[in-house]
2 protein chains.
Amino acid sequence: MAKNDLNQADPEQVAGNGLLHRRVFLGGGAALLGAGALGLMTARPAVAAPPDIADWMRAPGAPLSGHGQRSRFEDSVQRYVGPPAGGTTGAGSSRTPLEKLSGIITPSSLHFERHHSGIPDIDPGQHQLLIHGLVERPLIFSMEALHRYPMVSRIQFLECSGNSRPNLSAQAPAGSCGEIHGMVSCSEWTGIPLGVLLEEAGVAPQSRWLLAEGADAAAMTRSVPLDKAMDDALIALYQNGEALRPEQGYPLRLFLPGWEGNISVKWLRRIKLTSGPTMTRDETSKYTDLLPSGKSLMFTFPMGVKSVITSPSGGLTMQGPGLYEISGIAWSGAGSVRRVEVSADGGRSWAEAALSEPVLSKALTRFRMAWRWDGGPAVLMSRAIDETGAVQPTRDALLAEKGSQVSYHYHAIQNWQVAENNEVSNVYV
Amino acid sequence: MAKNDLNQADPEQVAGNGLLHRRVFLGGGAALLGAGALGLMTARPAVAAPPDIADWMRAPGAPLSGHGQRSRFEDSVQRYVGPPAGGTTGAGSSRTPLEKLSGIITPSSLHFERHHSGIPDIDPGQHQLLIHGLVERPLIFSMEALHRYPMVSRIQFLECSGNSRPNLSAQAPAGSCGEIHGMVSCSEWTGIPLGVLLEEAGVAPQSRWLLAEGADAAAMTRSVPLDKAMDDALIALYQNGEALRPEQGYPLRLFLPGWEGNISVKWLRRIKLTSGPTMTRDETSKYTDLLPSGKSLMFTFPMGVKSVITSPSGGLTMQGPGLYEISGIAWSGAGSVRRVEVSADGGRSWAEAALSEPVLSKALTRFRMAWRWDGGPAVLMSRAIDETGAVQPTRDALLAEKGSQVSYHYHAIQNWQVAENNEVSNVYV
């Protein structure tokens, strides 16, 4: 069936090149489209008898266990581990394989990593947190003491400020969705509102910032405005229901919702209240962007409104023409995602995607769209709009605004090209 | 300080025996209580210098990895594995250690298990799903085909119909919260609305039920009303972002939100549409309750409104008088939790707990309350009310209604006794 025939024949098409109305994702599904609208999708007719009895039904299976593992058939689902950075073992990053996941929760075992000198092996019985500096009462907390404090839980994303940097290259790099964009993950974080601990220490009137220091070998340090600390900052103790993983700061980390990841200091050992930013090594040698004017952007904390289609995406192979689910994630450091639009014709026409519940502030939001691929060339794009009305920019617009020297906070629209040979790849145009 | 003094002195107390207003959990925390209201909680004064440099800061830590693990200091957090049931290995249950978790997501490695003949080791490249019976077109689906269908994601609980059964004993059993109540867990489930697949097969007019069959060695089977299948049933492929775990039905399971766990048939291989229930072995020999009248309750699908305090709870040890967080989970098979009330004086007075966002339909909801324990005897209780107005019953009321022969759907209020010797234990009165 030629592309134009398909476009004209299908009353459910809502944008060019085969995008179908999102009502298929609402309520009971196909019934709302009418029985014939989706037609036979990918199933094949069967004889009316059960499938053969497989070997795994012929003997009792594996027993119960104290701590479960995933299937051996999923062993290939791994983080992408980058080369060591900065000359020391344990410095560098790994990325979440976004194209192999669905939903909004990232399994903790696959959460992206960014370490400055490896993962410390901290004994929670010995670890302490100090709050000092411009306070009325310097305080020190054991982990046992912290576990008695009032806590809150929130599902929120964490994104490295350097995420998606490969797309700053002059030529579109080959790579999977996770290789290019996998330094974003989302978890349920549980911890103590930092404001509770600061009030207990007594914030001195001249205090405006704080210094947060990690207990890794790099003693990673960042400066945090006091307003953020008193707003929604957490001292996080749990991730996805269980104790933090060592890679995420065990036994406790700072968590600053919506802000660039490195400032949510892991393995937190010290908070010092100050009158201004401390201008630490980690915030002057890194995490600044040189502008065309010669000035540098510094303390660019919130992550911009962003989305990416995780499937189909770079390196995946289509199974020929027919119906597919287009699925992806959207997020914004400014709050919740209001809308995601998808294009299958390189941006000439757009249609609104279905958002899976829950849609939460500063969390990943899963969007989905049904797509009937006619087998011809297509360019898939997604564009997020957040609750403030901010719209995810194109790559050209982002570079025109920020220049070619930027290295952080890349949040432009991603284009995936679907070719007639079933291959999907990263393209800029 | 005597109990009565505490009651009278504290303007934040909202119910007897030290329960404090939930506003401490809202917004920035202690600031809203006024700086002095919580007072010094559990921290100790510190000299204004950083803690000693620990060994783990003196050398680079562990490197990046493809698939992460938890801390070795958390190895003791394990499911409670019950004895084999029914004479075969792999039949029985394990329970989530609720008292060691927080938030609403259960880590997949700690999700409770209930198997009827162990965990099959299924190759997704060979596994197929058949839909047949009273349909227009019998269909068979490969896993590759299913992955192209429209999906939805939802955070929802799963509870075994036999959960909390230890509390049916005449004497209150010793045990932890997880040992008694740990056959409930909560995940983000992603899958295809079952209605989409049934519409594709074409539901015959006389079809009212379906039979769901698993590919384990027990070929576990249950009958499901068609209305539920067309409402919110999923063919689940992902759990907490990644492919289902084998213990939860890899590569696919039926998921029926809010209903007793065993009917969400794991390792799903076959759905047969029928005009009535099939009355299978698994739904006649089990999962029915004998009433005082001599009749049996059958097909009691939705789980009742329920809550339990996870901390402090049975087997945990208090650290002496002072401020604590009371934390727990609430849920209902009928929808979302509207309110949770907590008592610290054995039910004489109650106060409303704070609910952590998100509060979702048929999901666990985390509730919390601040409590200043005076060191005297206390009995902690929680009582959930759901969106339909249903109120969690006392044990006495539940047994008066259902009699002493019931074995399933126990959802009564749990009482934890806090003794002056710092021990916490299960009591009925």
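Which residue of β5(A) is the bridge partner of Val81(A)? The answer is in point 2, after some ground rules.

1. **Basis.** This is a predicted model, in which local features need pLDDT of at least 70, side-chain atom pairs count only at pLDDT 80 or more, and totals for chains, interfaces and linings use all residues. Residues are numbered from 1 along each chain as its sequence is written, while chains are lettered from A and ligands numbered from 1 in the order in which they are written.

2. Ser94(A) in β5(A) is the bridge partner of Val81(A). Helices (H or I, at least four residues) and strands (E, at least two) are DSSP runs, numbered from the N terminus. Two strands pair if DSSP finds at least two bridges between them. β4(A) and strand β5 (residues 92–95) of chain A run antiparallel, joined by two bridges. The open sheet has the order β4-β5-β6 in chain A, with antiparallel pairing. β4 (80–81) and β6 (113–115) of chain A are the edge strands, each with a single partner, so one side of each has no neighbour in the sheet.

3. **Hairpin β7–β8, chain A.** Strand β7 (residues 128–133) of chain A pairs antiparallel with β8(A) through four bridges. Five residues lie between the two strands of this hairpin. Leu130(A) stands opposite Ile140(A). Strand β8 (residues 139–142) of chain A has two faces: Leu139(A) and Phe141(A) are on the covered one, Ile140(A) and Ser142(A) on the uncovered one.

4. **Hairpin β11–β12, chain B.** Strand β11 (residues 209–214) of chain B and β12(B) are antiparallel, with five bridges. Leu211(B) has Ser223(B) as its bridge partner. Six residues lie between the strands, and Ala219(B) takes a positive phi near 40 degrees in this hairpin. In a regular strand the side chains alternate between the two faces of the sheet. In β12 (residues 221–225) of chain B, Arg222(B) and Val224(B) point to one face and are buried.

5. How many residues of α6 (residues 194–201) of chain A are buried? Eight of its eight. Among them are Glu199(A) and Glu200(A). Leu197(B) and Leu198(B) are among them. Just after α6(B), Gly202(B) takes a positive phi of about 85 degrees.

6. **Domains of chain A.** The assignment, automatic or from a database, gives domain 1 (113–292) and domain 2 (306–427) in chain A. Their centres, taken over C-alpha atoms, are separated by 29 Å. Domain 1 of chain A gives 27 residues to the contact and domain 2 of chain A gives 25. Two residues are in contact if their C-beta atoms, placed from the backbone, lie within 7 Å. On the domain 1 side, the elements giving two or more residues include β9 (152–159) and β10 (184–193) of chain A. That side has 16 nonpolar, nine polar and two charged residues. Ala, Val, Leu, Ile, Met, Phe, Trp, Tyr, Cys and Pro count as nonpolar, Asp, Glu, Lys and Arg as charged, and the others, Gly among them, as polar.

7. **The chain A–chain B contact.** Chain B gives 120 residues and chain A gives 119. The chain B side divides into 61 nonpolar, 34 polar and 25 charged residues. Chain B is superposed on chain A by a rotation of 180 degrees with 0.0 Å of shift along its axis, at RMSD 0.0 Å. That is the relation of a two-fold axis.

8. **A loop residue.** Ser336(B) is in the loop between β20 (322–331) and β21 (337–343) of chain B. Ser336(B) is partly exposed, with 18 other C-beta atoms within 10 Å.

Methods: Copies are superposed by least squares on the C-alpha atoms of residues with pLDDT of at least 70 in both. A residue is buried if 20 or more other C-beta atoms lie within 10 Å of its own, exposed if 12 or fewer, and partly exposed in between; C-beta atoms are placed from the backbone.
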